[in-house]
Amino acid sequence: MKTHLGRRPFSAMELHTLYNGYIYGDFKVAREQAKHWHFWLPLIAYYSGAYSDEIGCLTLDDLELKNGILCFNFHTNGKIKARLVPVHQALVDAGLNDFIAFVKAHNHSRLLFDLPAKSGRYSEKVRIWFTGEGERAGYLQKCAIPTVDQLGMKTAISSLRLNFEQQVRIYALQANSKDAFNYLMGFNEYPNDKFDDTALLNNVIQQIRTINPQLHWQRFKLRQSH
């Protein structure tokens, strides 16, 4: 029988470490081949609850304005439902609009244009970069965060979805809307395809705790080699 180590969310201290790591600092590590998606994907994952494949598939057309609220349109995962997730203000503060303008100026259609697919999936490249493979250390190891804890629980890029779920569950229930929670998670428990109250969804999303308000994409681009 195949054993399966369960996933766990990152602790508050681990989140602090992740988003204060070298990607979000002022210096590159030795032999680093910096990509724009290294900066954006962990942030979008934390603030949207989306899987890395969904984020990798995002096109500029998937950034939709609904009732005056900018949203990600996630619709590429067969296991969970399509959904509009409002963009958290922290992503805007981190330079998302500047990055979108950069992507447009370079005539790319996909938001994370420099994230390549491997075996037809974006998540493979993300997994190797984030958690490592074989002798190759990933971002987690470089941040001194274990991929498996003492209880045998794994951390991976998908752990950020669990952090999202923890927070959204609380804020949606505080807003007296279990439907908002199920919709934002893409769960089948929400029976409809659309959620009309975008303002409610936005209210829930904006309450997600901001991690490192100092980080910015321009700072990422200006990082220097040691």
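Author: This is a predicted model. The structure holds zero disulfides. The cut-off for a pair of sulfur atoms is within 2.5 Å. C57 is partly exposed, because its relative accessibility is 27%. C143 counts as buried, because its value is 10%.

Now the helix packing. Two packed helices are described by the angle between their axes and the distance between the axes. Helix 2 packs with helix 6 (residues 123-131) at an angle of about 90°. Their axes lie 12 Å apart. The angle therefore makes helix 2 roughly perpendicular to helix 6. Which residues meet there? Helix 2 brings W37, H38, L41 and P42. Helix 6 answers with K125, V126 and W129. By class, this contact has five nonpolar residues, one polar and one charged.

Helix 2 also has a part in covering helix 10. Helix 10 spans residues 198-206. Its buried residues are T198, L200, L201, N202, V204 and I205. What covers them? The cover includes helix 2 (36-48), helix 8 (159-174) and helix 9 (178-185). Strands take part too: strand 2 (63-66), strand 3 (69-74) and strand 4 (83-86) are included.

Definitions and conventions. Residues are numbered from 1 along each chain as its sequence is written. This is a predicted model: local features need pLDDT of at least 70, side-chain atom pairs count only at pLDDT 80 or more; totals for chains, interfaces and linings use all residues. Side-chain values use heavy atoms; hydrogens and water are left out. Buried means under 20% relative accessible area, exposed over 50%, partly exposed in between (1.4 Å probe, protein chains only). Helices (H or I, at least four residues) and strands (E, at least two) are DSSP runs, numbered from the N terminus. Contact means heavy atoms within 4.5 Å. Axes are lines fitted to C-alpha atoms, for helices over the stretch in contact, and angles run from 0 to 180 degrees between N-to-C directions. Angles under 35 degrees count as roughly parallel, over 145 as roughly antiparallel, 65 to 115 as roughly perpendicular and the rest as oblique. Ala, Val, Leu, Ile, Met, Phe, Trp, Tyr, Cys and Pro count as nonpolar, Asp, Glu, Lys and Arg as charged, and the others, Gly among them, as polar.
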